[in-house]
Amino acid sequence: MKKLLYLIATALVMHACIDDENIVDYKTYPFSVQLVYPDGYAAREGIPVHLLNTTTGVAFDTITDAAGRASFIVAPGIYELSTTDKRPDIGGIVNILNGARNNIAITALSNTSAPYQLPMTLSRAGQVIVKELYIGGCPKDDGSGTFQMDKYAILYNNSEYAASLDSVAFGMIYPYNANNTNAYYDANGNLAYENAGWVPAGSGFWYFPNIVSLQPGEQIVVAINGAIDNTATYSQSVNLANENYYCMYDIADFNNVLYHPSPSTLIPASHYLLAYRFALGNSWVLSTNSPCFIIFTPKGVSLREFTNDAATTDPESGTTLTRKMLPTDWILDGVEVYRRGYDNNLKRAPA
């Protein structure tokens, strides 16, 4: 009997030790994170923060408070920490603030009284893309040639946030045709401005003078030439007379009626884009075979100031074919077109 009691007592002691060990293994600790934003960006509430135990694979998710702090209760281990704060900006831009850290050790010796400082790094992404560029061209019904004044572009909001187009502008990179002589290439085939941070924009710029917003997944059509029902004259053309469409129409700068006829009365005047012309010519001539078309948003200066500033003019461009040195990091999207069978198809848009 005494031997049996001794065995039971020993078992109870061993069981108690095992339980104590388990309590130690699963002890938890508070862990807080403070998001540290770059200058000009305030902390805000509701930003998701992800914490992953790299050993066990257990993940924890929470959101920040108004001070940009997130709090967790976790077991000891090695963790990965990550968060993303996206903020839409004007001009079809999303400011993306990312924070990430690996190999964060949380143990009994960790100082859990002070929040872990997580620096946020800023990057920018375009919300708005060129979904379609139609550069025109259809046979005339009488077989006498082709009609090419029905160009248009479609812009699309390719993000999950509403996009403001208030600062979005349109341009084209010189030379206007891919087969033209390109003086920006040297004898070794190198593009002079490839690493200079700018591209040579020609003719003029178009912009939205009124507030325009695109919801996520929404698009708008912008008639470049002939915002009318072209099918009334050329049956194989396109009908651009639509009250929801926008059009490039500014007779103060480009008054050539062949390229810029009066828009359909269906299109409200508030949908007219305006222009800043900086080169000679009374029309904005987007190539009918191989244009390099871009959309962009000025940064730190208005489009008017940039256009009127003599320092932004490429000194090699002369007075008739004036070209502006448009900063590459302003460009949201672009379409460079080549025509099959053309010679000298050298790229104009840098990588």
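**Confidence.** The model is predicted. Its chain averages a pLDDT of 89, and 92% of the residues score at least 70. Over residues 1-24 the pLDDT is below 50. Beyond near neighbours in sequence, that stretch makes zero contacts in the model.

**Strand E15.** Strand E15 spans residues 198-202. Five of its five residues are buried, so the strand is largely enclosed by the rest of the structure. Trp198, Pro200 and Gly202 point one way. Val199 and Ala201 point the other way. E15 runs antiparallel to strand E22 (residues 323-327), and five bridges join the two. Within E22, Leu326 is the bridge partner of Val199.

The structure holds 19 aromatic pairs. One of them joins Tyr184 and Trp198. The geometry is edge-to-face: 6.2 Å centre to centre, with 80° between the planes. This pair links distant parts of the chain, 14 residues apart. Tyr184 lies in the loop between strand E14 (169-172) and E15, while Trp198 belongs to strand E15. How buried are the two partners? Tyr184 has 8% relative accessibility and counts as buried. Trp198 has 18%, which also falls under the 20% cut-off, so Trp198 counts as buried.

Elsewhere, Phe205, Phe278, Phe296, Phe306 and Trp330 form one aromatic cluster.

**Salt bridges.** The structure holds five salt bridges.

| Pair | Closest N to O |
|---|---|
| Arg44 and Asp85 | 2.5 Å |
| Lys86 and Glu160 | 3.2 Å |

Arg44, Asp85 and Arg87 are linked in a network of salt bridges. Arg44 sits in the loop between strand E1 (29-36) and strand E2 (48-53). Asp85 is in strand E5 (residues 77-89), 41 residues apart from Arg44. Arg44 is partly exposed at 34%.

The Lys86 and Glu160 pair also links distant parts of the chain, 74 residues apart. Lys86 is in strand E5. Glu160 is in the loop between strand E12 (152-157) and strand E13 (163-164). Lys86 counts as partly exposed at 29% relative accessibility. Glu160, at 47%, counts as partly exposed as well.

Terms used:
Residues numbered from 1 in each chain as written. Predicted model: local features only at pLDDT ≥ 70, side-chain atom pairs only at ≥ 80, totals over all residues. Heavy atoms only, no water. Buried < 20%, exposed > 50% of the residue type's maximum accessible area, 1.4 Å probe, protein only. Helix = DSSP H or I, 4+ residues; strand = E, 2+ residues; numbered from the N terminus. Pairing = 2+ DSSP bridges. Phe/Tyr/Trp six-rings, centres within 6.5 Å; stacked < 30°, edge-to-face > 60°. pLDDT = per-residue confidence, 0-100. Contact = heavy atoms within 4.5 Å. Salt bridge = Lys/Arg side-chain N within 4 Å of Asp/Glu carboxyl O.
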